[in-house]
Amino acid sequence: MLEIKNLHASVLDIDDSEILKGIDLKVGKGEVHAIMGPNGSGKSTLANVLMGRFDYVVTEGDVLIDGNSILKLRPDQRAHLGMFLAFQYPAEIPGVRPWQFLKAALDSKADANGEDKMSVRNFSKLFDEKIEAVGINPNLVKRSLNEGFSGGEKKRNEMLQLEVLQPSLAILDETDSGLDVDALRIVAEGVNSMRSPERSFVVVTHYQRLLNYITPDVVHILVKGKIVKTGGPELALEVEKDGYKQYMAEAEVNA
Amino acid sequence: MGFKLIPDRMGQVYVFAPFEFNISDLAPYFFTTDHPSRSYLLTNQNTISRESDLSGREYKWGFVTDVETDLAPKGLSEDIVRLISSKKGEPEWLLEWRLKAYRHWVKLAEAEAEPTWSMIDYPGIDYQDIYYYAAPKGMNEAPKSLDDVDPEMLETFEKLGIPLQERAALAGVAVDAVFDSVSVATTMEKQLGELGIIFCSFGNAVKNHPDLVKKYLGTVVPYTDNFFASLNAAVFTDGSFVYIPPGVRCPIELMTYFRINTEGSGQFERTLIIADEGAYVSYLEGCTAPFRKSSQLHAATVELIALDDSEIKYSTIQNWFPGTKDGEGGVYNFVTKRGRADKNAKISWTQVETGSAITWKYPSVILKGDNSVGEFFSVALTNNHQQADTGTKMIHIGKNTKSTIVSKGISAGKGNNTYRGQVLIMPGAENAVNHTQCDSLLIGDQCGAHTVPYIEVRNPTARLEHEASTSKVSDEQLFYLMARGLSEEEAHHMIITGWSREVFKELPFEFALEAAQLLKVSLEGAVG
Amino acid sequence: MTTATLPAAVGKYSEAFASFAEANSDAPEWLKAVRSQAWATFSELGIPVKRRGNELWKYTDLRPLAALDFEHGIGGSVSLDEIKAAGPWDDAWDTVVVVDGVFSAELSNLQGTAGLTAGSLAEAISSGTGDIETQLASLAGREEYAFTALSTAFVDDGAYVAIADDADPATPIHVVFVTSNASGSRASYPRLLVDAGANTLAVIIETHINLAESAQLSLPVVEVFAKPGATVRHYRVQMENELSYHLGTIRVHQLDDSSFNSTTFAVGAVIARNDIHTQLDAPGASCTLHGLYMTSGTQQQDQEISTTHAKPHCTSKQFYKGILSGKSHAVFSGKVVVERDAQKSDATQKDLNLLLSRGAEIDAKPSLEIYADDVTAAHGATAGHVDRDTLFYLQSRGVDEEAAKAILIRGFAAEMLDEFKPKALYEFVERVTDERIPVLLAESDALGTA
């Protein structure tokens, strides 16, 4: 599904700003991978680089989806391939309704893939179902996209989009930050209900607590732009207990 | 009627051919206030088709209609003013009024009083190199019926999405179609007449309702008002006239569609709308012109009179030819629009300005009566070499008067966009309230966005709020939308229409859809 | 055909200019050229009496000024006590006194502060101090503006202040422009040039006082050069009698990371204009332009405040407050221009006014002219009534209505007064404000803000 080969990335237009320093990672179909790391380790950068954010430049390495490089693709083309990024800080867009936005997103994808667009009626039905499923306040979706949403509301709105767009690869960028336990549970339930042999997840998180609800197949520890350790779900518990200190020391030694 | 026809000024016409075109294509441009899908689905289960794709790269309304034209000689003189008046068969008093206006204009021209305070830059206009009267042959007299109208012209309006035949007429809209200097046809005149509503060409109003015209003409915009208003008063050719009797709520939208066709001609229409006590009317105005490399002058005047307890809602979609990408040609749009609101009356201007090489207009409200309300909602877009200096004046005279201004300026390409607005609180305007919000959006680094408010307070009890902001479409917003699969152009368009939403929602539904499309087409080449 | 109207009132000054030029024929050539060029500009423009279509003078009627005759070249005598009584004073400050446009060594109080050159402009010109030849009239006097042109045509003496690179004068530098109590109406052209070297820290107080009892015309011109890293804290106190005209100009040129922070206290003259322009001409430059004006009777106060962001990463803040009573009139015309290159500019504008009477008039025009797309620019003017609940609250605690109003007015002004940091200066503006409030209230018949 997703394959990352020796990925190096820097901030655009800034010298000596390398954040990702050679990442190798393979996520198979239906797998859930967690990427954990301390602040500044580059985990959010990795999530954004995968989706093609403008502020970063890939200096070396490659990212493949189903064996094809996606580095030259624009973010919308990546989305059409079935990629989805749940943002840590979703942008606020005045005057644009979530409904309108999601319909347009689905239509674009259908267009790009030569499929029929969903009718307004079917879309509305789907939309309403998902609103209920995600437990988002129906009044919220009548407002402008993310504008004046609380942190938790923004995250739920991201989950709503995830549910509607049904991607084949979902990357969750610190979706758990700023959520109370109820919201966390909803996010986790959303992810769990969407787990399928055809869908992969990359869950980027600082804390282990989300992983109490979503059991990953593989856990990676990212420190200073490199994956320093890979293991099973037990790795997350280790981090919970001992923190990142030991890995940071290792990274120091390896650097 | 089961079908609703959406008037479309894109050079394409929506026709009745069910199930070819999915209404959901329009979904991104829905602007109903509630859940966007619902109201539409309930009221309109049908689909609509259109002849061709909406996204083109050129001005789509640029075709020329081949009709024989009756032209007065170029240039302006007393003789021309007399000629226009006699062509229209006007009474002596109106001719006299025109001549007074003409003489005043000559004085202004000699004193070089053409306004220079606005932030627009254009080569001097040679007022002697313009045709002041251009009418399709045989149309000096307004046609009695559509059978008298040149089929070429009917086809023109049909192409513009404004079919004039009753059988095809727009549902819920009565149309006055103005071609160069004359009104070609007015639809639904008879049906409106049953309610006592007068909706006809200005020329017909002079003939059939001279008392009303005489009573109100020039009362809000006197011929001495400004350079272009004087010019208009001297040479105006046609326009629309509306009178809504006391207590009548006009059940349908009234619409005037202006079309400039003849090369080198100016267009000087004059519109007069009177809402008598307790009346209500919603009036729409649209305009286009052919693609020409030379510039064309349009100097119109609109007067609104809202008597006690009445309401006038005036919406404009201005899409005159904006000139070429390199700034050749285009319409010079110098317009004076003003309304007078009496006691408890309300006047609301909504405008979407995407066309014209130069836009100079300030739709204003004189809040004369106590408790009167004035509103101004505007989206003005300048791309390529377009320049717009537009805004409003809210003159608070009566007590407890209230005005709201929402202005959205979009600058792209090498365009320059200025909001210029005056809020004047006169000494007697106790407890006047104004809220002004001016937002500018810049697309690219070769354009300009300017805000020039004039806040003039002569009464200490007034409450005013003025806010302005300048922004650009952020990378963060673009990335977010693109990460969900929208192309860069779609993302830009969605952000910009969302940003303009506060204004679009003031437009009648079909107009709002069209306005969103117009923004999209007008911005092509500027984004992406 | 065009009927040309002759520029207004040029004739009233031409004779004086001719005799001034003759008397000063031994001046350096460059200065003579500056003067004659400025005179040529003024004689084309005249006093701006046309308001229609003239954005700069739309709200200001200068016809009464154009009709008046002013004498030139007559000076009077002034005592130090009179100056101390009429304006702020602190013996610890370096003070430069200019009487009727002429530097007075006798009245000045200079401490020989290290790194500071302060004194007569005429002397600086004749001895070619620093960059005076390239600086004088380079910011003001060569543009198409009638009053800087007229003032520059007569440029002769005034004050010159230069702070050497890296100097940090501990005390404020006070420049006092005095109009003496000589008989007759006189025109004076006070001039101040400030050359703030790199990384300096200077506090400059500019005071205008008027001891005359008749109508006087004062056209002060201040030019400030802020070199890289210079921080200039500027205060301006403008107190003229209510028959006089004060049309002042300040032009500031700012280089890298310099800052110019100015607060104006304006209460004098029948028509006073404070025209400030700051040119942010290198990255990192910033300015804050603040002020408080109070008007009563038929006074008019114009604040003509403009900033040009010419380079990226600059910040500007304009904020003015006014208190108006009687039939007085105030104008706030703020302008921010962000040029094409000036990405990452940050500009704000604000003007708040307290209207105390039905005859008073405020015209605010906070305008933005923006040519760069990555800019944060905002202006706001909020308004509403002075909180009547607060008034009621004060009254309910036994404060009578007049006293309660005075407290509210004082509260409105406090924010600006607090900016006057030097103690003697603060005490002065506070005292003047407290004396003004009863005058304002006496002409008040309402209480509102706009």
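**Exercise 1. Find how strand 3 of chain A is joined to strand 9 of chain A, and describe the sheet around them.**

Solution. Strand 3 (residues 32-36) and strand 9 (residues 218-223) of chain A run parallel and are joined by four bridges, where strands are DSSP runs of E with at least two residues, helices are runs of H or I with at least four residues, and both are numbered from the N terminus. Two strands are said to pair if DSSP finds at least two bridges between them. As one example, A:Ile35 stands opposite A:His220 in strand 9 of chain A.

This is a predicted model, in which local features need pLDDT of at least 70 and side-chain atom pairs count only at pLDDT 80 or more, while totals for chains, interfaces and linings use all residues. Residues are numbered from 1 along each chain as its sequence is written, and chains are lettered from A and ligands numbered from 1 in the order in which they are written.

The next step is to follow the sheet, which is open and is formed by six strands of chain A in the order 6-7-8-3-9-10, with mixed pairing. Its edge strands are strand 6 (83-86) and strand 10 (226-231) of chain A, each of which pairs on one side only. From one strand to the next, the twist averages 20 degrees. Finally, helix 1 (residues 43-51) of chain A packs on the sheet, where it touches strands 3, 6, 7, 8 (200-205) and 9 of chain A, and its direction makes about 145 degrees with that of strand 7 of chain A. Such angles run from 0 to 180 degrees between N-to-C directions, and axes are lines fitted to C-alpha atoms, for helices over the stretch in contact.

**Exercise 2. Identify the strands that pair with strand 1 of chain A.**

Solution. Begin with strand 4 (residues 56-65) of chain A, which pairs with strand 1 (residues 2-11) of chain A in the antiparallel sense over eight bridges; here A:His8 has A:Glu60 as its bridge partner. Then take strand 2 (residues 18-27) of chain A, which pairs with strand 1 of chain A in the antiparallel sense over seven bridges, with A:Ile23 as the bridge partner of A:Leu7. The hairpin of strands 1 and 2 of chain A has six residues between the strands, and in this hairpin A:Asp13 takes a positive phi near 65 degrees.

**Exercise 3. Decide whether A:Gln166 and B:Asn344 are buried, partly exposed or exposed.**

Solution. Most residues other than glycine have a negative phi. A:Gln166, however, has a positive phi near 45 degrees, and this residue is found in the loop between helix 5 (151-165) and strand 7 (169-173) of chain A. B:Asn344 also has a positive phi, of about 60 degrees, and lies in the loop between strand 15 (330-341) and strand 16 (346-353) of chain B.

Now apply the cut-offs: a residue is buried if 20 or more other C-beta atoms, placed from the backbone, lie within 10 Å of its own, exposed if 12 or fewer do, and partly exposed in between. A:Gln166 counts as partly exposed because it has 17 C-beta neighbours inside 10 Å, whereas B:Asn344 counts as buried because it has 20.

**Exercise 4. Describe how the chains meet.**

Solution. Two residues are in contact if their C-beta atoms, placed from the backbone, lie within 7 Å. Of the two pairs of chains in contact, chains A and B share the most contacts, while chain A and chain C do not touch, their nearest C-alpha atoms being 16 Å apart.

Between chains A and B, 35 residues of chain A are in contact with 30 residues of chain B. On the side of chain A, the largest share, eight residues, comes from helix 3 of chain A.

Between chains B and C, the contact takes 34 residues from chain B and 37 residues from chain C. On the side of chain B, the largest share, 10 residues, comes from strand 24 of chain B. Strand 24 of chain B also pairs with strand 20 (residues 361-370) of chain C in the antiparallel sense over six bridges, and within this pairing C:Leu368 is the bridge partner of B:Thr451.
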